[in-house]
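Biologist: Could you walk me through this model and tell me what stands behind each label?

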Amino acid sequence: RVGQIIAIRTKVNRAFKTSMEVGIKVTVQDVLTNTEKIVSVAYATYVAKPVGAEKVELKPVEPLSAEDQLEHSLAIERRRIRLGYAQVFQKLMQESSKEGDDYTGEEEDAVSTEHTHVQSIELVLPPHANHHGNTFGGQIMAWMQTVASISASRLCRSHPILKSVNMFKFWGPSFVGDRLVFNAIVNNTFHNSVEVGVRVEAYNCEEWIKDQPRHINSAFLIFSAVNDSGELLTFPRVKP
């Protein structure tokens with residue numbers, strides 16, 4: 001909230017052959033009560049930008065403390081789970097495309113997800129990019145959260161609260177001057193929470209004219225919502 005102090009701490013947990021895991025912890029301090037609490041924890045995977053065609057190989061990271069050693073060990077397990085999720089998700093998508101997308105549900109009171117579709121277009125300007133001209137990942141995530149929040153709000157008639165971001169992955173870069181098209185839609189509801197899928201496509205001027213988008217990002221954002229009394233709201237059932 002306004003007036004509170006936010007501290008962001010990061011460190012490299014482990015370096016693999018050509019990628020590294022960076023742990024991110026965000027805490028907030030209330031200056032009036034002098035209390036501090038953790039508000040977010042995340043793990044980001046980076047690769048070094050090569051000068052030529054070959055990938056940059058990284059040197060191993062040496063843990064300095066017991067906490068560092070624990071995160072170093074957990075990093076390889078998180079990597080295994082992340083890669084496993086990607087394989088399972090890809091398999092499910094392939095099976096779904098074979099079976100077709102006909103909906104056979106009979107829930108008469110379910111809300112169509114088409115009502116939750118939201119599209120937004122952003123132009124990447126110099127303040128949105130780093131010194132390489134690549135769009136900041138955090139900027140893309142902020143735009144994704146905005147469009148996903150609007151999508152979720154169409155079900156709860158309230159201000160959704162972001163709880164987590166899953167499978168946020170960069171499939172390719174975007175640059176200053178690109179047009180980024182964000183498409184968000186509710187995938188499903190789970191009583192007190194809702195999952196919104198967001199797909200991001202990039203166009204340069206030539207690609208925009210030819211309608212040839214580049215798929216650069218996808219993610220699944222989980223929201224909840226509360227009423228004026230702070231009680232969790234129940235989301236309606238949805239149908240494709």
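Modeller: Happy to! This is a predicted model, where local features need pLDDT of at least 70, side-chain atom pairs count only at pLDDT 80 or more, and totals for chains, interfaces and linings use all residues. Residues are numbered from 1 along each chain as its sequence is written, and side-chain values use heavy atoms, leaving out hydrogens and water.

Biologist: Why is I81 called partly exposed?

Modeller: Buried means under 20% relative accessible area and exposed over 50%, with partly exposed in between (1.4 Å probe, protein chains only). I81 has 35%, so it is partly exposed.

Biologist: And why does F89 count as partly exposed?

Modeller: Its relative accessibility is 31%, and therefore F89 gets that label too.

Biologist: What makes I81, Y85, F89, M93 and M167 a nonpolar patch?

Modeller: Patch members need over 30% relative accessible area and no salt bridge, and nonpolar side chains (Val, Leu, Ile, Met, Phe, Trp, Tyr) are joined within 5 Å. A salt bridge would be a side-chain nitrogen of Lys or Arg within 4 Å of a carboxyl oxygen of Asp or Glu. Together the five have about 480 Å² of accessible area, by the Shrake-Rupley method with a 1.4 Å probe.

Biologist: Which helix gives the most to the patch?

Modeller: Helix α1 (residues 66-99), with 4 residues; helices are DSSP runs of H or I, at least four residues.

Biologist: What does F89 touch beyond its sequence neighbours?

Modeller: Leaving out residues up to four places away, F89 touches M167 and F220, where contact means heavy atoms within 4.5 Å. The C-alpha atoms of F89 and M167 are 9.9 Å apart.

Key: Patch = residues over 30% accessible without salt bridge, like charges linked within 9 Å, V, L, I, M, F, W, Y side chains within 5 Å. Helix = DSSP H or I, 4+ residues; strand = E, 2+ residues; numbered from the N terminus.
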